[in-house]
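Let's walk through this model together, one neighbourhood at a time. Keep the sequence and the coordinates open as you read.

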Amino acid sequence: MSTPESLSPVRRPRHARGAAPTLHDVAREAGVSLATASRVLNGSERKVAESFRERVERAASELGYTANVSAQSTARGTSPVIALLVADIADPYFGLIASGVARGADEHGLVVTIAITERDPEREARIVRALRGQRPQGLILAASRTTGPPDTGTARELAEFSRLGGRIVTFGAGEGDGRHVEIDNRSGARALGERMAQLGYRSAILIGAAEGVLTSDERLAGFETGFAAGGGSVDRVVRGDFRRESGTALMAAQLAAGVEPGTLVFGMSDIVAIGAMSAIRDAGRAVGEDIAVCGFDDVPSSSDVAPALTTVRVPLSEVGYQAFRATVDADWQQAPLPLEVIVRASTPGLA
């Protein structure tokens with residue numbers, strides 16, 4: 001009489017019990033040479049007959065074989081990884097950029113690893129040093145750079161990363177052999193300033209990050225230029241950091257010092273601007289009708305707050321995608337990244 005086992009025979013793995021299956025196990029199970037199994041599973045560009053490929057992939061699946069990425073990295077000099085360094089993963093600005101990088105990596109069968117620098121130069125240098133051991137194909141530095149001489153620790157680690165064959169991509173204009181994805185923050189902010197002046201605003205408070213942070217400095221300078229061109233003037237520039245809490249605290253301090261109705265507040269990012277809106281409401285003032293607020297980036301939450309936030313739309317997912325392409329395309333050239341002023345209810349205009 002037949003038994004369930006005889007009706008459904010189970011192929012037993014031939015590798016030792018409890019041990020991870022090896023490439024030798026896969027080759028033996030598939031009935032092919034070790035070299036053929038390696039070409040199939042380790043991504044070799046040499047062609048393998050489709051029948052052999054199917055046998056190797058089926059054997060690997062049945063045995064539960066997983067390629068040793070560390071060993072592959074040693075053999076090839078790089079791993080199938082793109083490293084993305086961001087300042088703050090909770091900031092939707094970086095989340096949208098990461099989505100674009102991930103889209104590109106998926107198209108190329110690569111994996112994205114994300115590290116958070118917290119805008120700390122020493123931490124950034126440590127992360128780059130640790131990543132060098134993983135030998136990623138590319139390293140994308142998405143955090144805003146600063147003016148002045150670069151941090152020597154990070155510069156040294158990046159130079160060593162490049163020497164080992166990794167490609168470095170940064171945001172904003174930069175020096176050296178790396179590639180740079182540029183967002184025209186200055187012209188986008190200038191267009192926003194001009195539009196706000198057209199709406200009748202004549203007095204503005206600007207909220208930025210610490211002096212020397214390029215993204216913030218470019219946006220503040222561009223806005224002031226455009227606003228002045230339309231007849232407006234900047235009364236105050238206050239500085240903190242990129243967090244929502246910073247926008248709230250800085251705006252609260254300005255309200256305590258006195259802010260006239262009809263004043264316009266420009267937060268150098270949507271997150272900072274949304275923080276400022278919170279302080280205005282907490283002070284019993286109305287956003288829009290009393291104190292107008294605008295930001296920059298057009299992150300999803302900017303259209304969800306009440307009133308919806310006027311901003312400059314940056315195609316952040318496309319920015320991330322282009323940064324990825326810069327790591328893998330030999331003849332890469334940046335495609336245009338158009339910015340657009342989006343006027344919403346937070347700046348209804350003055351009669």
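Setting aside residues up to four places away in sequence, Thr 347 touches Met 196, Leu 199, Tyr 201, Leu 264, Ala 292, Val 293, Cys 294 and Thr 310, where contact means heavy atoms within 4.5 Å. You will find Thr 347 in the segment after strand S11 (340-342). Thr 347 counts as buried because its relative accessibility is 2%; buried means under 20% relative accessible area, exposed over 50%, and partly exposed in between, with a 1.4 Å probe and protein chains only. The side chains of Thr 347 and Thr 310 are also joined by a polar contact of 2.6 Å. That term stands for a pair of N or O atoms within 3.5 Å; within protein, one must be able to donate a hydrogen and the other to accept it, and residues adjacent in sequence count only if both atoms are side-chain atoms.

Before going on, please note that this is a predicted model, in which local features need pLDDT of at least 70 and side-chain atom pairs count only at pLDDT 80 or more, while totals for chains, interfaces and linings use all residues. Residues are numbered from 1 along each chain as its sequence is written, and side-chain values use heavy atoms, with hydrogens and water left out.

Now for the overall picture. The protein has 13 helices and 11 strands; these are DSSP runs numbered from the N terminus, with helices (H or I) of at least four residues and strands (E) of at least two. Of its 351 residues, 45% count as buried. Among contacts between residues at least 6 apart in sequence, 75% join residues at least 24 apart. Thr 146 lies in the loop between strand S3 (136-141) and helix H8 (152-163).

Which residues touch the most other members of the largest nonpolar core? They are Phe 171, Met 196, Phe 223, Met 251 and Leu 264, out of 69 residues in that core. Such a core is a set of buried Ala, Val, Leu, Ile, Met, Phe, Trp, Tyr and Cys residues joined through side-chain atoms within 4.5 Å. Helix H12 (residues 270-282) supplies the largest share of this core, 8 residues. Another core, of 13 residues, lies apart from it and has Val 26, Val 32, Ala 37 and Tyr 65 among its members.

Next, look at a helix pair. Helix H9 (residues 185-198) and helix H10 (residues 214-229) pack at an angle of about 35 degrees, with their axes 6 Å apart. The axes are lines fitted to C-alpha atoms over the stretch in contact, and angles run from 0 to 180 degrees between N-to-C directions. Met 196 of H9 and Phe 223 of H10 are among the residues that make the contact.

Finally, a few backbone details. The peptide bond from Ala 306 to Pro 307 is cis, with omega near -5 degrees, and Pro 307 sits in the loop between strand S9 (292-294) and strand S10 (311-313). Glu 118 is not a glycine, but its phi is positive, near 55 degrees. Glu 118 counts as exposed because its relative accessibility is 53%. Arg 135, not a glycine either, has a positive phi of about 55 degrees; Arg 135 is partly exposed, with a relative accessible area of 35%.
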